[in-house]
Amino acid sequence: MEKNRYAPSFANNLLNGMSPTIILVGAVTLLYVYLMQFIDHKLLWVQYVVLLFAMVKALFFTFFTIKQIKRSIFQCYSLYRLIWIFGLLVSLIIFSFASDFVCLSGFDKNAFAGIEQSGFLNDFFEYFYFSTVTFASIGYGDIVPVSGLARVLVIMEIGQSFILIVFGLSNINNMQIDKN
């Protein structure tokens, strides 16, 4: 069968479907950078803003993004493409929660135990590692959420990973995968 050369490529479809999610995660991350640089770190309400943004992102991931993926699953894709879709979504969720953790710890130094504040990039790497371990439900215990808000954020990430895994497994039979 001849491919239509005017049909949009998989990369274009992937970016079009995921662009609202990418924009949301990027905008909230930039807002966190702004908050951390220009807002007084003694203000308690900022921690609740972080929690609110994390909830909005989690609801967006759960309802909008998974709806987009479900639409993609019913189209004919190769297994390679479906792995790219799930990989991108997992990466966005991990990155999103890592930025939540960094911002929360910027306003509450005691939110997590096991991380010594040593600069933004190093802290972000540590929280990205922690987010990856949390998403995978491994939980080594070297970094531990201590404050109530930190624990709520971790519970939200575990919930997101559970929803994504259950969604993926429950839709295996619906996948229309090319044999090519």
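Trainee: Leaving out residues up to four places away in sequence, what does Ser-161 touch?
Mentor: Ser-161 is in contact with Phe-135 and Ser-137. Keep in mind that this is a predicted model.

Trainee: Where does Ser-161 lie, then? And is Ser-161 buried or exposed?
Mentor: Ser-161 is part of helix 5. Its relative accessible area is 2%, so Ser-161 is buried.

Trainee: What lies 2.8 Å from a polar atom of the Ser-161 side chain?
Mentor: That's the backbone oxygen of Ile-158.

Trainee: Switching to Ser-137, where is the place of that one?
Mentor: Ser-137 sits in the loop between helix 4 and strand 3 (144-145). Ser-137 has a relative accessibility of 55%, so it counts as exposed. Look at its backbone too: phi is positive, about 60°, although Ser-137 is not a glycine.

Trainee: Nice. Now the helices: at roughly what angle do the axes of helix 4 and helix 5 cross?
Mentor: Roughly 50°, with the axes of helix 4 (residues 120-135) and helix 5 (residues 148-170) coming within 9 Å.

Trainee: Is the crossing left-handed or right-handed?
Mentor: Helix 4 passes helix 5 in a right-handed crossing.

Trainee: Which residues make the contact?
Mentor: Helix 4 brings Phe-130, Ser-131, Thr-134 and Phe-135. From helix 5 there are Val-154, Glu-157, Ile-158, Gln-160, Ser-161 and Leu-164. By type, the contact has 5 nonpolar, 4 polar and 1 charged.

Note on methods:
Residues numbered from 1 in each chain as written. Predicted model: local features only at pLDDT ≥ 70, side-chain atom pairs only at ≥ 80, totals over all residues. Heavy atoms only, no water. Axes fitted to C-alpha atoms, helices over the stretch in contact; angles between N-to-C directions. Helix = DSSP H or I, 4+ residues; strand = E, 2+ residues; numbered from the N terminus. Left-handed = near helix turned anticlockwise from the far one by under 90°. Contact = heavy atoms within 4.5 Å. Nonpolar A, V, L, I, M, F, W, Y, C, P; charged D, E, K, R; others polar. Buried < 20%, exposed > 50% of the residue type's maximum accessible area, 1.4 Å probe, protein only. Polar contact = N/O pair within 3.5 Å; in protein donor to acceptor, adjacent residues only side chain to side chain.
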